[in-house]
Every structure is written in C-alpha cells, then in structure tokens.
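Me: I've got a fold open on my screen and I'd like to learn how to read its sheets and cores. Can you walk me through it?

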Amino acid sequence: MKYVIFICVSAILLVAFSCTQKHERASSFFHPVQKMDDTLQNKLKTIDEKLQMWVSSGDFIGGEVLIIRDKDILMHQTYGMADVEDSTPIRKNMLYRIRSMTKPFVGTAVLMLAGQGKIMLEEPVATYLPAFDNDKSRAITVKQLITHTAGFTQPGFPRGGIYDYNSLEEAVADLGKHGPALQPGTQYMYSDAGTSTMARLVAKVSGMPSGAFIQKYISELLNLQSTYTTLPVNDSIRHLTVSTYEWQGDAFGKYWDNEAEPDISFFRGSGGIYCNPMDYARFLYAWSNPQAGFLTKETKHAALQPTELTSNYGYQMELYHVENGQPLAFGHGGSDGTVAMSIPSQDLLLLFFTQTRGTLVIARFEELVLDLFNLKAAPEYEFKDINEKALNQFKGRFEGPIGYCTFFQKNERFYAQFMENMPLHLRALSDTAFINPDVNISFKFQINNQNPDSLFVQNRDQVFKFSRKQ
C-alpha cells in the first residue's frame with residue numbers, strides 16, 4: 001500500500017537471473033503500442049501532468065512509470081533524479097529497492113510448493129518448522145501466515161527487527177520460540193515477521209535458500225534478467241541502482257546509495273529484492289494471465305480473495321477496491337516508494353517506482369489511476385473551518401500499534417506526521433474528525449473530560465487506535 005505507516009513494506013545470495021533460450025526476456029516480452037484512442041491518450045496525459053507536478057514540487061525525488069495494456073506499452077516515462085548529489089537523472093530500467101513488493105514473490109513460492117503437495121496451507125507451521133512446535137506458536141497455520149492473520153505485529157520480531165539477527169533461520173526460530181502477540185486467526189495485522197517465516201518455510205521444505213528458489217522457479221521461468229535478491233557486486237549492474245531518500249525534517253534527504261553495503265547480510269523474505277519496473281510487470285502479468293509452469297487459475301483466484309478479517313489483502317497480495325466480494329485490482333507497494341497494480345478486467349498493469357521513502361505520491365498515484373480507469377470515483381468532502389484555539393487541543397503525540405503520530409500546525413495548516421514520514425495536510429470534517437483527501441486516511445479524536453486522549457485512524461477497512469502520549 002502506499003504511505004509507509006501501513007505497511008504501512010537479504011540471503012546474501014547473489015541472484016543475477018540468467019538468460020535462457022526458451023523464454024522471452026521481460027524487456028522484449030512487452031512492445032510499444034501502435035495506436036491509442038483519444039480517451040486513453042488523455043488519461044495518460046493526466047497521469048504525466050500529475051507526476052511532472054509532483055516531482056517539480058519536491059513530493060518525490062525521481063521515478064519511473066510504466067503502464068501496459070495486454071502486452072502493449074502505453075506509457076514508459078521517467079521523472080527527476082536517481083541521485084541529486086551526483087546530478088544523475090533517472091533513466092529507464094534502472095534498479096529499485098522494492099522492499100515489501102518482495103512479499104508476492106515469497107507468497108508465490110509458497111503457493112508453488114502447495115501446488116506440488118509439499119506444503120498444506122491449513123497445516124500448522126510447526127509441521128514444517130520445529131521452532132513453532134510449542135504452546136505459544138503451535139496454533140499458527142501456513143494460511144494465517146500468508147494472509148497476515150497469524151497474530152504477529154509489525155515488524156513482529158522479539159528483538160525489534162530482523163536486522164538484529166545474523167540469519168533468517170535465527171530470526172524465525174526466535175519468533176517461533178516467543179510466539180505471536182495476538183491470538184492467531186482473530187485479526188488482520190500486516191507483519192514482516194510473518195512473511196520472513198514464509199521465506200524460511202520455503203527454504204526448509206524445498207531444501208534450498210528461498211532466494212535461490214525464487215531464482216530457479218519464478219525468475220528463470222519468466223526470464224527476469226534484472227531481478228536480484230541482493231545488491232549485485234558487479235559495478236556495472238550495481239551502479240544502475242537508484243539512491244534512496246527519506247523525509248528528514250522538512251525535506252527529503254538521501255539515506256542510502258549504491259556505494260553503501262546492503263542493510264542486512266541475508267535475504268529476509270519480507271523485503272530484499274532489487275528489480276526494474278519491466279521485470280515486475282512481467283511477474284504481475286503472470287499473475288493476471290495464464291502462464292505455463294506458474295500457478296493454476298484456481299490457485300490465483302483463491303489467492304486474490306478477501307478474507308473474513310480484511311477486504312484489503314489476499315495471499316501476500318494487496319487488493320484494491322473490492323466490490324461484491326471481488327477485488328477490481330491487485331498488486332503491492334513497497335516502503336521505499338514503489339507500487340505495481342493489475343486491473344484484470346481492463347488487461348492493465350500500472351507501475352510507479354520511486355525511491356522516496358515516506359512520500360505521499362504512491363497513494364496519490366493509486367487513487368488517481370483507480371479514478372481515471374473508472375474503478376473508483378474520487379470521493380467528495382465538505383470541509384469545515386476550525387480556529388487555531390480549537391486545534392490546539394489535538395496537538396502532540398499519539399502512540400498506537402503501528403508506531404506514533406504527531407499533530408502540529410505550520411503556516412496555518414494542520415498536519416499529522418506518522419513516525420518520520422512526510423507530513424499529511426489534514427482538513428476538518430467536523431470538530432473532531434479530519435482527513436487527508438489526497439490519500440483518504442481519516443482521523444477521529446475521542447474526547448474524554450474535554451481532553452482528546454485517544455484517536456482512531458482509518459485506512460481503507462483498517463482502523464487503528466492510538467493513545468495520547470503524556
């Protein structure tokens with residue numbers, strides 16, 4: 001999804017996916033469109049104008065958009081800089097750290113093994129991983145892992161994050177030993193820990209590291225030649241990787257470039273893949289269309305269904321705008337500012353890759369394309385003016401299950417800032433309710449004894465309760 005709060009989104013195992021004679025590489029699998037009608041051209045023009053405006057206003061540093069219908073490339077454009085300090089512009093087909101967009105690869109690996117009868121989704125994880133064979137973790141099933149309902153929080157590791165471990169095996173063993181924070185099967189909670197456990201499950205069942213499994217059974221099949229489970233050591237490839245920026249005070253600043261070492265020394269599963277938009281489009285195309293050797297139609301259909309606990313997530317896939325129990329689009333986002341979406345009814349693939357962590361433009365892009373391609377009309381709101389004195393009661397820090405949120409005023413505007421991300425400009429819907437209309441995240445303060453001591457934040461069908469930090 002999107003804004004980093006809700007996600008929210010490596011085996012140091014070099015996986016440079018090689019060319020084969022029997023598969024067409026992703027960059028030649030798709031081809032430039034020959035003809036477009038005026039209506040479609042106008043939609044693409046609107047997208048281009050918005051992206052030009054957003055990059056010019058500093059809402060993201062640089063990025064690449066790729067829009068495909070069937071196999072026709074409708075739009076492939078770049079914007080802004082790959083590295084501001086080195087004056088390097090974004091070029092087509094550069095490499096991006098796609099973070100949580102790795103999760104659908106791991107989910108696909110699990111479903112492939114399930115299709116071979118080597119993993120049963122309804123079985124306890126303890127059947128495959130002995131570290132989960134205890135009173136705290138024995139109830140967790142593989143299906144609960146793949147749907148983020150296993151009870152793990154975000155990020156969910158006992159030591160705080162997976163970066164505090166020396167291997168995936170060590171991290172998952174510690175996770176199984178301590179167990180989930182929530183009762184399994186009772187609540188949807190997006191969790192890196194759950195997907196990392198799935199990556200360990202793939203390794204244990206297949207007998208090979210999960211990164212190697214992804215290479216052999218997904219990337220070689222689809223001929224993804226620019227997809228890696230760790231940062232390449234080859235300088236000519238490594239230098240194609242876009243620098244990553246994050247919100248630092250009042251602007252975006254660089255926090256990683258391709259001269260730096262990877263954040264982690266093993267493939268963690270919940271993130272870790274580097275790739276370009278064209279390769280990811282080929283992966284998403286296989287999910288959206290028949291593909292020999294991939295997943296069956298029945299498996300993909302089951303994976304793209306809402307669960308009883310959320311309408312926004314299937315089997316390691318985000319679901320966009322569900323109507324009558326069916327998603328009109330699916331895909332995934334990454335926390336460094338990337339997203340890929342498929343709209344099967346229109347044979348559309350829409351990808352927008354930046355390396356601007358905490359930017360709002362990913363959520364704006366999602367809302368824009370859902371509106372333009374007639375999946376979801378942009379909502380209309382009636383805003384209310386609230387004076388500064390009334391806003392003062394809401395200022396300060398609130399803490400919740402996905403981090404903290406700080407409310408403040410600047411230049412006569414009221415903002416919410418989750419963690420260290422780009423602040424959200426809020427508009428009032430009532431005396432206690434606010435919304436950011438760009439990304440449709442809403443905030444409802446609860447007043448007790450004339451004091452707003454708690455807060456409910458809603459994103460799609462998820463509601464999180466925050467409490468004021470005293």
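Predicted model: local features only at pLDDT ≥ 70, side-chain atom pairs only at ≥ 80, totals over all residues.

Me: Which residue in strand 21 is the bridge partner of F445, and what does the turn look like?

Reply: F445 is partnered by L455. The two strands form a hairpin with 2 residues between them, and N449 in that turn has a positive phi of about 55°.

Me: What about strand 19 and strand 20?

Reply: Strand 19 (residues 433-436) pairs with strand 20 (residues 441-448) in the antiparallel sense over 4 bridges, with N436 facing I441 as its bridge partner. They also make a hairpin, with 4 residues between them, and N440 in the turn has a positive phi of about 60°.

Me: Which sheet do these strands belong to?

Reply: A barrel: 8 strands close up in the order 15-16-17-18-19-20-21-22, with antiparallel pairing. On average, neighbouring strands are turned by 30° against each other, direction ignored (axes are lines fitted to C-alpha atoms, for helices over the stretch in contact, and angles run from 0 to 180 degrees between N-to-C directions).

Me: Where is the open sheet, and what is its strand order?

Reply: It has 3 strands in the order 5-9-6, paired antiparallel. Strand 5 (96-97) and strand 6 (227-228) are the edges, each pairing on one side only. Y96 stands opposite C275 in strand 9.

Me: And the cores: which residues have the most contacts inside the largest one?

Reply: In soluble globular proteins, nonpolar side chains tend to be buried together. A nonpolar core is a set of buried Ala, Val, Leu, Ile, Met, Phe, Trp, Tyr and Cys residues joined through side-chain atoms within 4.5 Å; buried means under 20% relative accessible area, exposed over 50%, partly exposed in between (1.4 Å probe, protein chains only). The largest has 76 residues, and F30, Y280, W287 and F294 have the most contacts inside it. Helix 9 (residues 277-288) gives the most, with 8 residues. A second, separate core of 30 residues includes L360, L424, A428 and I441.

Definitions and conventions. Residues numbered from 1 in each chain as written. Heavy atoms only, no water. Pairing = 2+ DSSP bridges.
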